[in-house]
Amino acid sequence: MTDNPLDVIDFGDGQPSLSLLPVDALRTAADHCLTRGDAALLQYGADQGDVGFRESLARFLTHRYATPVSAEHLMVSAGASQALDLVCTRFTQPGDTILVEEPTYFLALEVFRDHGLRVVGIPLDHDGIQLDALRDALTRHRPALLYTIPSFQNPSGSTMSAARREQLAEVSREHDLLIVADEVYQLLDFGTAPPPPLATHVHAARVLSLGSFSKICAPGLRLGWIQGSPALLEHLLQSGVVHSGGGLNPFVSGVVNSLLDLGLADAGLDALRGIYAERSAVLCRALREELPMATFVEPRGGYFVWVQLSSVMSASQLLPIAAAEGVGYRAGALFSSRDGFASALRLSFAHYDEAALLHGVHRLARAIASYSTSAE
Ligand SMILES: Cc1ncc(COP(=O)(O)O)c(C=O)c1O
């Protein structure tokens, strides 16, 4: 690609490049699934999702999580966003307080806004959500739930330690706190698996774990799952939308069932992990070379690098200057429940090949240089 200013390189785009979407594998899976001629796939589905699909998914997760997952603990969703919306519908009332990590996924904040929820942020440290701050918040609020992204967090890229996960499950038991663990990046490590997902606590704590094929296969499938105890799933299933529409996405579940059974989901996921690992390494190397004053922790999985600029810089004020240079990103303040992270940027490496990543960082460096000059 050329360094054409018309080709905006938007590091804000948290989605895979089109070249990574598995058209051939899905054609094979769809052929395999339709050749069976099972018209039930085109019927309203079972409320919890097709049992055959849930069994295949349970085998896939058992292998990938290296911990047993059973079909009865899985409910099919239309992706993690829809699952989060359903959880809010069934477990919160407008005006309730909920707890989130600070920073957190900005579009989850939008879902919480849709439900009229009051959001209280709990800071992260190196090991994940800070438990002292969480305990303190629990003395002052009666939150309907805590929303956490334990692995390769969006936006910070950080991963909760194994010990912190255990302690968080303990807090959930002590306070009867519902934990909604958004684990969409859990399987997207670059070679070293993160600690076991919070999904492993569904038997012993009030945990709902959200998973999705968006990050491990293709977002357009709109297919995901919720893992939880039968009692929590039963509460989710008592939903007007589920009763009226039947199980979510039965046809796509059938195609993905074939993808899983043919081993194509495993192969595709492993290929993605390798590509994202390379892209992340390229982006981080370029950032070190071109923006030596910026600080960040190199991610070990997921989609994102969370970059801290000098504290006198405003990522929001830098945005138009960056746009003029042909580069974009998400400003840190978007990810805060209380206008924090003014000098942070979230960069995604999922959407661009190596050449574009290098051009993008070069443009970003030029934008920062011109912002710094104009501020002098
Ligand atoms: C933390 C997190 N949760 C959920 C989603 C959306 O997932 P889905 O496509 O399954 O709705 C994203 C996508 O960026 C995400 O980063």
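Predicted model: local features only at pLDDT ≥ 70, side-chain atom pairs only at ≥ 80, totals over all residues.

Biologist: Which residue in β6 is the bridge partner of V100?

Modeller: Y147 is the partner of V100 there.

Biologist: And how many bridges are there between β3 and strand β4?

Modeller: Six. That pairing is parallel too, and β4 covers residues 118–125. L99 sits opposite V120 of β4.

Biologist: Is strand β3 largely enclosed or open?

Modeller: Largely enclosed by the rest of the structure, because five of its six residues, 97–102, are buried.

Biologist: What unit do β3, helix α4 and β4 make?

Modeller: A β-α-β unit, and a right-handed one. The helix in it, α4, spans residues 106–114.

Biologist: OK, α4 then. Which of its residues are buried?

Modeller: A108, L109 and F112. They lie on the same side of α4, because their arc around the axis is only 105°.

Biologist: What do those buried residues pack against?

Modeller: Four elements: α3 (80–91), β3, β4 and β6.

Biologist: Which exposed residues are on the face turned away?

Modeller: E110, R113 and D114 are carried there.

Biologist: Switching topic. Which residues come nearest to the ligand?

Modeller: G79, A80, S81, S212 and S214, out of 13 residues around the ligand.

Biologist: How does that shell divide into nonpolar, polar and charged?

Modeller: Seven residues are polar, five are nonpolar and one is charged.

Biologist: One more. Where is Q186?

Modeller: Q186 belongs to the loop that links β7 (179–182) to β8 (207–212).

Biologist: Buried or exposed?

Modeller: Buried. The cut-off is 20 or more other C-beta atoms within 10 Å, and Q186 has 29.

Biologist: Which residues is Q186 in contact with, leaving aside its neighbours within four places in sequence?

Modeller: S151, P194 and P197.

Technical notes: Residues numbered from 1 in each chain as written. Buried ≥ 20, exposed ≤ 12 C-beta atoms within 10 Å, placed from the backbone. Helix = DSSP H or I, 4+ residues; strand = E, 2+ residues; numbered from the N terminus. Pairing = 2+ DSSP bridges. Right-handed = clockwise from strand over helix to strand, strands pointing away. Near = placed C-beta within 6 Å. Nonpolar A, V, L, I, M, F, W, Y, C, P; charged D, E, K, R; others polar. Arc of directions from axis to C-beta. Contact = placed C-beta atoms within 7 Å.
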